[in-house]
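Colleague: I am new to reading protein models. Could you walk me through one, feature by feature?

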Amino acid sequence: MRLSTIRPEFVEFIPRELVEGVLYVSERYQTASHKCACGCGEKVVTPLSPADWRLHKDQAGLVTLHPSIGNWNHPCRSHYWIRKNRIQWAGSMSAREIERVKQRDILDKARYIDQVNRKKVGQDVEPRNSAADSPSNQLASPWEQFVAGLQRLIGLR
Ligand SMILES: [Zn+2]
């Protein structure tokens, strides 16, 4: 039977046996887990990170999970949102729509990883899309940049 509500339970460890209608949230391990709201009994794991799902708890303690839950890999293929403890069912998706959502997820993830990597490299790394604004930067070899830096330093530039 399809559920229409789910209640959060904040835990340190996600229990092995999940109770239907409970969204287990481990803030420590940044993950959440619940039994598929369609009633099929499948376990749905939603890691909590900017590239996966974001959990929002409002002042009343109601939780919202973003983006939607799409259980493409389970036989039920159910698709729903968890908004303020309520399950909002999406219409069944066609295979093409599922493919589109999957592609978007992959893109989102790639973009996020790219951002993280860029931060690791350092703040002075030019974002890729601004390269067109400064063709000289793009063309300068490390040696040319070094020379230009030296010239700036001693006031020749
Ligand atoms: Zn299901």
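**Reading the model together**

Modeller: Gladly! Let us start with Ala 95: its relative accessibility is 56%, so Ala 95 counts as exposed. Keep in mind that this is a predicted model.

Colleague: Where does Ala 95 lie?

Modeller: Ala 95 belongs to helix H1, which covers residues 95-121. Sequence distance and spatial distance are separate things to read: Ala 95 and Trp 72 are 23 residues apart in sequence, and their C-alpha atoms are 9.4 Å apart in space.

Colleague: Now the metal. Which residues coordinate the zinc ion?

Modeller: Look for the donor atoms around the metal. Here they are the SG atoms of Cys 36, Cys 38, Cys 40 and Cys 76, at 2.2 to 2.3 Å from the zinc ion. Along the sequence, these donor residues follow the spacing C-x1-C-x1-C-x35-C.

Colleague: How many residues does the largest nonpolar core have?

Modeller: To read a core, look for buried nonpolar residues joined through their side chains. The largest one here has 17 residues, and Leu 23, Leu 65, Ile 69 and Ile 82 are among those with the most contacts inside it. Strand E2 (22-26), E6 and E7 each give two or more residues to this core, and E6 gives the most, with three.

Colleague: What does Ile 82 touch?

Modeller: Leaving aside residues up to four places away in sequence, the contacts of Ile 82 include Ile 6, Leu 23, His 34 and Ile 87.

Colleague: Last one: what order do the strands of the open sheet have?

Modeller: Follow the pairing from strand to strand. The four strands run E1-E2-E3-E4, with mixed pairing. Strand E1 (7-10) and E4 are the edge strands, each pairing on one side only. E1 and E2 pair in the parallel sense over four bridges, and Pro 8 stands opposite Leu 23 in E2. From one strand to the next, the twist averages 25°.

Technical notes
Residues numbered from 1 in each chain as written. Predicted model: local features only at pLDDT ≥ 70, side-chain atom pairs only at ≥ 80, totals over all residues. Heavy atoms only, no water. Donors = N, O, S within 2.8 Å, 3.2 Å for Na, K, Ca; no water. Core = buried A, V, L, I, M, F, W, Y, C linked by side-chain atoms within 4.5 Å. Buried < 20%, exposed > 50% of the residue type's maximum accessible area, 1.4 Å probe, protein only. Contact = heavy atoms within 4.5 Å. Pairing = 2+ DSSP bridges. Axes fitted to C-alpha atoms, helices over the stretch in contact; angles between N-to-C directions.
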